[in-house]
Amino acid sequence: MNPEKDFAPLTPNIVRALNDKLYEKRKVAALEIEKLVREFVAQNNSTQIRHVIQILAAEFALSQHPHSRKGGLIGLAACSIALGKDSGLYLKELIEPVLTCFNDSDSRLRYYACEALYNIVKVARGAVLPHFNLLFDGLSKLAADPDPNVKSGSELLDRLLKDIVTESNKFDLVAFVPLLRERIYSNNQYARQFIISWIHVLETVPDINLLDYLPEILDGLFQILGDNSKEIRRTCEVVLGEFLKEIKKTPSSVKFAEMANVLVIHCQVADETKLTNDLIQLTAMTWMREFIQLAGRVVLPYTSGILTAVLPCLSYDDRKKNTKEAASACNHSLMKLVTAEDDEDEEEEERSGSTVSPAREEGPPRTEADCSDVLNASQESVGFSNISFFAPASSDRPQVTLDLDGIVQVLDRHLHDSSTGMMTRIAVLKWLYHLYIKTPRKMFRHTDSLFPMLLKTLSDESDEVVLKDLEVLAEIASSPAGQTDQSGACDGIDSKLVLKVPGSKAVDSSPSTPSMNSYFYKFMINLLKRLSQERKLLENRGAFIIRQLCLLLHAENIFHSMADILLKEEDLKFASTMVQTLNTILLTSAELFQLRNQLKDLRSQESCALFRCLYRSWCHNPVATVSLCFLTQNYKHAYDLIQKFGDLEVTVDFLMEVDKLVQLVESPIFTYLRLQLLDVENNPYLIKALYGLLMLLPQSQAFRLLSHRLRCVPNPELMRTLDESRDVDSKQQTASRRTSHAQVDYNELLQHFDRVQSKHLEVRHQRSGRASDHPDRKLV
């Protein structure tokens, strides 16, 4: 510092003392400055006051000499004390040089700067608020200062500033939020503590509505929630909890849309090994649950993004029980928001005068790629378009649009992902079922792409998943919305077999069968194709799948269509196995009680048509064909078929099937058949057919069982009764049954049986021929 320079009105003694290395001498100089400034205030001499402040700032506080800087700081504080309530007029000149010293490398000087600013703020009080951003910026740096004394001094100044803000109603929140948004992403622990403490204070001030600006800081708050410090996490939890309480109190003023994307991102855990991530995810999921409940149908445009976050959480174990329960509540509430009104086409909405969604007004129609980007969790944390996310019920409320394309993409992606948990897969299938129920017309636009994956899901390990999958497929197959011209559709679906849809007026179709849509038959074709390709699926799940379909759809539809398809099946071995499976289900499953009764008497044209349809396919399996005749009480035809068994190749598998048929004869299903053995005169072919089976069997347990049953058949002479009227009734019933059976051309059916068995025999001979001609095969 130049000693000859003029520092007037400061005296040489004051200048000398300000530059001294001893604090006591600098303090004496500060008292002299305070006295001098008071005189200028009394004289109302603002020019001299500014001159003094300017000298202290430029020549001392910003000097290169450390002792001079310390003298300048204490001098500026003295000026502020002398100015008193008038200090607000000179705050810019007082504060800026002090804040510059906050960056000094000397920790003692930073401490003195903090002390000087404390005195300036303490005198000015509310007058410092226009300079709040400068003060906050400086304090945020000191909060992370490594020197404990500096940090302690900054905490005192911080508390003073918080008191001033709390007392005042002139705080400029609009100007402060950009700075807060910038500082909130600091990774320094002390800076985070400083930031979260300020948010907590501002949140409690009644005149400051920080909730309006929550979308700008919410992502930063979730970042702070993942801090390693337990104290910081606890404070952040309290702050977020207070915000959520306020949101519940005043939902109409909340900008839900601008925060939804933030929640979607934080609902997904990037690193499951970090315990703090569990807290972030649980908190975000809790907020998401409240948002859905408070905002209602307005969240529908963002459903795809929400599902991206929620669905994986449904498969969490008990270690994340709370998160799983919150996700389940989100999923349930969101599903309830989808209603039948979401199935309206855009043209219909326009005709009905409904207001178009703002998202559609603002730009061109979205492409499929655009839909997939809605709330994409892989993107940066960006907000939604600024639409009113929550609005009270009113006549001018905007019409929300369900982003069905995006939803289906999310659901399909989870089904394709092999790592998806069981509960998530079940939730995905429940969503698909719900969408087909509520929005069938729009959903059928996506059926072609979904159909192959739904068929593949039938091979899932979980019975519960398979059951839900069958519910979806059954809804697709029976929905009236699918009753459209699907020509050219379903390119990925096997349509090699062009067959009659059950319920049509074609020959051998059953008029009693309810009409299914075009997807029903495609479903049956591809189901059988899948069972043919995956024999383990047929063995382990085949019966389960077919029985469930009989419950979900009309059993007659299932058997009629499968019989039609199997009639044209080229893989005869599979056809025989499939017929055996269907026959077992028909004869043993409680779900098919009504269908068995329909076939039992063949009293109607419909039942006869169904019998003919089943018979033609059942011919792939001779024993199954006989059992069908037993079921329909076609005993003479059963006897005729058994007579032909002598011309067939009797294998071990064949005898095992006969064995099973004998067991079925002894089951409750055929109680009526066993009782008819009492009426020997009217049921001679039944007894002959059973004796025919007995002659086919080796002397096994089944042989002894059937032999014992036939020995119980009474002598016709002993069964004659004096009750002629009962005898007449029995004959009339038999005659009636024969009359109804006359509607069926049994000679033609026998010829068809011969043709089918000839094909089977030819295929077996070809196989045996190929095996014998194999080059590796040697005679022993």
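Gln633 sits in the loop that links helix H31 (622-631) to helix H32 (635-644).

Trainee: What's phi doing at Gln633 in this model?
Mentor: The model is predicted. In it, phi of Gln633 is positive, about 60 degrees, although the residue is not a glycine.

Trainee: Is Gln633 buried or exposed?
Mentor: Gln633 is buried, at a relative accessible area of 5%.

Trainee: Which residue near 50 degrees also has a positive phi without being glycine?
Mentor: Arg125. Arg125 belongs to the loop between helix H6 (107-124) and H7. With a relative accessible area of 29%, Arg125 is partly exposed.

Trainee: Why flag these at all?
Mentor: Because most residues other than glycine have a negative phi. Most peptide bonds are also trans.

Trainee: Where is there a cis one?
Mentor: From Ala8 to Pro9, with omega near 10 degrees. Pro9 is in the segment before helix H1 (12-18).

Trainee: Switching topic. How do H7 and H9 pack?
Mentor: Helix H7 (residues 132-142) and helix H9 (residues 173-183) have axes 10 Å apart, at an angle of about 15 degrees. Angles under 35 degrees count as roughly parallel, so H7 and H9 are roughly parallel to each other. Their crossing is right-handed.

Trainee: Which residues make the contact?
Mentor: H7 contributes Phe132, Asn133, Phe136, Asp137, Ser140 and Lys141, and H9 contributes Ala175, Phe176, Leu179 and Arg183. By class, that is five nonpolar, two polar and three charged residues.

Trainee: And the whole chain, how many helices and strands?
Mentor: The protein chain has 39 helices and zero strands. Of its 780 residues, 52% are buried.

Definitions and conventions
Residues numbered from 1 in each chain as written. Predicted model: local features only at pLDDT ≥ 70, side-chain atom pairs only at ≥ 80, totals over all residues. Heavy atoms only, no water. Helix = DSSP H or I, 4+ residues; strand = E, 2+ residues; numbered from the N terminus. Buried < 20%, exposed > 50% of the residue type's maximum accessible area, 1.4 Å probe, protein only. Axes fitted to C-alpha atoms, helices over the stretch in contact; angles between N-to-C directions. Parallel < 35°, antiparallel > 145°, perpendicular 65-115°, else oblique. Left-handed = near helix turned anticlockwise from the far one by under 90°. Contact = heavy atoms within 4.5 Å. Nonpolar A, V, L, I, M, F, W, Y, C, P; charged D, E, K, R; others polar.
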